[in-house]
Amino acid sequence: MKTSLRDKTAQIIIIVLLSLLCVTVIYPFLYMLAVSLNVGSDAAKGGVYLWPREFTLYNYEIVLGNVVIRHAYLITIARTLLGTLIGLAVTLLMAFGISYRLLPFRKQILAYVLLTMLFSGGLIPLYIQLNNLSLLNSFWVYIIPSAFSAWNMFVMMKFIQGIPEALIESAEIDGANPLRILFVVVLPLSKPMLAAIGLFTAVGHWNDWFAGAFYVSDQNLIPVQTFLQQLLSAQDISTVLGSNNNQEALARGTMLSNVTLMSIKMATVMVSAIPILCVYPFLQKYFVKGVLIGSVKG
């Protein structure tokens, strides 16, 4: 099939624009990686853009040797895993319950959930509520308030409603109760959608710094993103180099004069960003399929 000159020109323009978009997305990541792998005092002179000029792992040695960062990393991993599992379970149960045609007061419950998407109490009422529930300065402040998402529930509900009614009716004829229908019929067919929602939920938990900054005052409970937010606003490198572990790392050969606050910041950013980036390729197939299934069809 022949393409006209106009179509070829349009394709070239689209390719050029998408290439520029990819460069704008990838270059900051490569720049941070290069600075984090470069000697801090040398990177401060400028000229480090795509690859390190004086390669070193001292920055990562300091970051990973910091007790606060390691503990914040564990908090983030635990929060992401537990929060994603609980969020998926609550979303699936709520979506299946509302999509079940025999549920009493189904329309009223649906309207109530929709109301929460349009109006919210605000930050101060939420803070007071979390305080009354004794969730402030607790690990569960990361899990319980974000366990349910009305938007994810609606997306999941629309997917479940798209399952052929004959499958559910045949299971009911065989004597299956709603719980058995959920686990035998709905859950196996919902894996692509659950993977898509799970990825969104996991990324949200991993990247969230707000809850740790405003709802937690104990440094032993802050996630790595909150620590990163504190680090990015720090003016003194002692924020990172204050632990005994770091002093031991310096004694093993890392010279303080070769380490800068910027190089430590870049290493911390990379440590916090790479794990969630490594998860995406394994879920990409289910993620794309789930997004297409949950999209609006004409």
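Biologist: What percentage of the 298 residues of the protein chain count as buried?

Modeller: Of the 298 residues in the protein chain, 38% count as buried. Buried means under 20% relative accessible area, exposed means over 50%, and partly exposed is in between (1.4 Å probe, protein chains only). This is a predicted model: local features need pLDDT of at least 70 and side-chain atom pairs count only at pLDDT 80 or more, while totals for chains, interfaces and linings use all residues. Residues are numbered from 1 along each chain as its sequence is written, and side-chain values use heavy atoms, leaving out hydrogens and water.

Biologist: How many helices and strands make up the secondary structure of the protein chain?

Modeller: The protein chain has 14 helices and zero strands. Both kinds of element are DSSP runs numbered from the N terminus: helices are H or I with at least four residues, strands are E with at least two.

Biologist: What makes threonine 226 count as buried?

Modeller: Its relative accessibility is 0%, under the cut-off, so threonine 226 is buried. Threonine 226 belongs to helix H12. Leaving out residues up to four places away in sequence, threonine 226 touches Asp208, Trp209, Gly212 and Ala213. Contact means heavy atoms within 4.5 Å.

Biologist: Why is alanine 213 called partly exposed?

Modeller: Alanine 213 has a relative accessible area of 33%, which falls in the in-between range, so it is partly exposed. This residue sits in helix H11 (residues 210-214). Beyond four places in sequence, alanine 213 touches Thr226 and Gln229. The C-alpha atoms of alanine 213 and glutamine 225 are separated by 9.4 Å, with the two residues 12 apart along the chain.

Biologist: How do you know that threonine 84 is buried?

Modeller: At a relative accessible area of 11%, threonine 84 is under the limit and therefore buried. Threonine 84 is part of helix H4, and apart from neighbours within four places in sequence, its contacts are Arg79, Gly198, Thr201, Ala202 and His205.

Biologist: Which residues have the most contacts inside the largest nonpolar core?

Modeller: Val141 and Tyr142 have the most contacts inside this core of 31 residues. Such a core is a set of buried Ala, Val, Leu, Ile, Met, Phe, Trp, Tyr and Cys residues joined through side-chain atoms within 4.5 Å. Helices H3 (58-64), H4 (67-99), H12 (224-232) and H14 (261-294) are the elements giving two or more residues to this core. H14 gives the most, six residues. Another core, of 26 residues, lies apart from this one and has Ile98 and Ala171 among its members.
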